[in-house]
Amino acid sequence: MSSIPQADAVATAQVPFQVTDPERIPTRRYYDEDFYKLECERLWPHVWQMACRLEQIAQVGDWVEYKILDKSVIVVRTEAGVKAFHNACRHRGVPLANGHGNCRKQGFICPFHGWRFNMDGENTFVYGKHLFSERQLDKADLALRPCRVELWGGCAFINFDDNAPTFRESIGPLADRLEAHGMSKQRAEWWYATVLPANWKIAMEAFMEGYHVMRTHPQLQKACPSLYNSMYGDTGGIGQTANPNLSVRQNIQQQFDQLELLSAGMAGMVHAKEVEIARQLLDVELPDDPIQAVPMWFGIVQDQIAKQLAAKGEPVPDLNAVAVSDPVHAVEFLFPHYFLLPFFSSTSSYRIRPLGPQSCLFEIWSLTHAAPGKEPQTPLEPTLLPYDSKDFPPIPQQDYSNIPLQQQGLHAAGFEFMRLSKEIEGMISNYQRIIDGYLAGVAPAKLAKATHLLGGNFDGKILDLSF
Ligand code: FES
Ligand SMILES: [Fe+2]
């Protein structure tokens, strides 16, 4: 048992399969029906959830439906900004909207008895009003029930809990650090989705550490062994990504190969246009010492990406300046289900939703900046593929190959808990213990404070959550 203080024993007594040793995650949390039910009742109704990308609702009247568990919400752009409503007709509860569309002309028309609502949620039509008691037609009572919604990072986030802290209070300084990297100005180029036969947490945890790269993505390690050996091997120090035994040019070539593989493999994270700019800089003048040369080369590449793309009209921030003042990790997690993987000026993004104790929906977006008028055509629906589809970029294909297997392995006799590294798999323990905090009813302010610790926690340590 580590020295990290535990959640209040009384408060958490009611949580089954609680994480009592921060380095050990009980396996039943990933398939037990009652644990899943508790998450549905005590976690999901209280957290900020990424409901849609804002370019999906660019015009007044544009709406999208966001579904989570047994709930459905309509997110709509109105004259007065983005609003969200619980998706149920005020007459007898039929959902008013399904998928996406524009309601500017017609509003929302209930398919059952034809009641109508405008984009602001007001009831505009009831057939045969004389058939109803007056109190059944109260204007305020007939309006669609609003749902909390906040905009950040090019997305709308919703929360079912009217008393939850705001989105920013929940996520903390990470929101500003990511925004400095231009998150709200990026646009989706493509959007994939798949159903994974795994618990939603198993799917997410494959993206909370880079320790799996050696075996799961061997091409990345092969292209640039010094990078991964320095981070996860027995020798070398973290951050020392150059190999002093290779020449400067060999080192730079390895770094470039890594970028090219990330671009082809992840698509969104390093954009092809950025690889082309890096390619122009393979022969740029550098110091003779590879340890100095490699970070300097990265600085030059970042500078040129920012300058060349800005010259084309793309709203790219000064990447070197924000790398110093507002550094973010290559993988950032926004509790409970959204990831951003910013690299230079482009980003991969993931959203994961539970579909059952052992099934989840995993979506990937590729995001990048674009000059005004040259924005990519907005994907309005994800391309839904089987999880083993060869149409996924190679890196998600590799990740998806392990996830369903891991879910099966959890059921093995004698496999009671995951054994985490306290140094680099800490994020898994930290967010799992925050889930326990929700299940136990820990005060929202304390949960928000603990959630802030997840910023920059990729590959990070097990932390004291202070509740
Ligand atoms: S349920 Fe919607 S009009 Fe009757
Ligand atoms: Fe991976």
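**Salt bridges, rings and an iron site**

Q: Which two side chains meet in a salt bridge at 2.8 Å, N to O?
A: Arg351 and Glu363. Keep in mind that this is a predicted model.

Q: Where do Arg351 and Glu363 sit in the chain?
A: Arg351 is in strand S15 (residues 346-356). Glu363 is in strand S16 (residues 359-368). They are twelve residues apart.

Q: Is Arg351 buried or exposed?
A: Buried. Its relative accessible area is 3%.

Q: And Glu363, buried or exposed?
A: Buried as well, with a relative accessible area of 2%.

Q: How many salt bridges are there?
A: The count comes to 17.

Q: What does Asp436 pair with?
A: Arg29. Their side chains form a salt bridge at 2.7 Å, N to O.

Q: Why does that pair tie together separate parts of the chain?
A: Look at the positions. Asp436 lies in helix H15 (residues 426-440). Arg29 lies in the loop between strand S1 (24-26) and helix H2 (33-43). The two residues are 407 residues apart in sequence, so the pair joins those parts.

Q: Are Asp436 and Arg29 buried or exposed?
A: Both are buried.

Q: What about Lys422 and Glu423?
A: Their side chains meet in a salt bridge at 3.6 Å, N to O. Lys422 counts as partly exposed, at 44% relative accessibility. Glu423 counts as partly exposed too, at 37%.

Q: New topic. What coordinates the iron ion (ligand 2)?
A: His212 and His217 each give an NE2 atom. Asp399 gives two OD donors. The distances run from 2.1 to 2.6 Å.

Q: Why is the arrangement called irregular?
A: The angles decide it. The four donor atoms subtend 53 to 148° around the iron ion (ligand 2), so the arrangement is irregular. Tetrahedral would need all angles between 85 and 135 degrees.

Q: What spacing do the donors follow along the chain?
A: H-x4-H-x181-D. His217 and Asp399 are 182 residues apart. His217 is in the loop between helix H7 (213-216) and helix H8 (218-223). Asp399 is in helix H14 (residues 394-409).

Q: Are those two buried or exposed?
A: Both His217 and Asp399 are buried.

Q: Now rings. How many aromatic pairs are there?
A: A search of the whole structure finds 26. One of them is Phe125 with Tyr127, and that pair is edge-to-face. The centres are 4.9 Å apart, with 75° between the planes.

Q: How exposed are Phe125 and Tyr127?
A: Phe125 is partly exposed, at 31% relative accessibility. Tyr127 is exposed, at 55%.

Q: Why is the pair of Phe333 and Phe335 edge-to-face?
A: Their planes are at 75°, and the cut-off is over 60. The ring centres are 6.4 Å apart. Both residues are buried.

Q: Which cluster do they belong to?
A: One linked by ring pairs. Its members include Trp190, Tyr192, Phe333, Phe335 and Tyr438.

Q: Last one. What is the span of helix H10?
A: It covers residues 248-266, which is 19 residues. It reaches 27 Å from first C-alpha to last, close to the 27 Å expected. Its buried residues include Val248, Phe256 and Met266.

Key: Residues are numbered from 1 along each chain as its sequence is written. Chains are lettered from A and ligands numbered from 1 in the order in which they are written. This is a predicted model: local features need pLDDT of at least 70, side-chain atom pairs count only at pLDDT 80 or more; totals for chains, interfaces and linings use all residues. Side-chain values use heavy atoms; hydrogens and water are left out. Donors are N, O and S atoms within 2.8 Å of the metal (3.2 Å for Na, K and Ca); water is not among the atoms, so sites may look incomplete. Four donors count as tetrahedral if all angles lie between 85 and 135 degrees; four count as square planar and six as octahedral if opposite donors are over 155 degrees apart and all others between 65 and 115; anything else is irregular. Helices (H or I, at least four residues) and strands (E, at least two) are DSSP runs, numbered from the N terminus. Buried means under 20% relative accessible area, exposed over 50%, partly exposed in between (1.4 Å probe, protein chains only). Rings of Phe, Tyr and Trp (its six-membered ring) pair if their centres lie within 6.5 Å; planes under 30 degrees apart count as stacked, over 60 as edge-to-face and the rest as tilted. The expected span of a helix is 1.5 Å times one less than its number of residues. A salt bridge is a side-chain nitrogen of Lys or Arg within 4 Å of a carboxyl oxygen of Asp or Glu.
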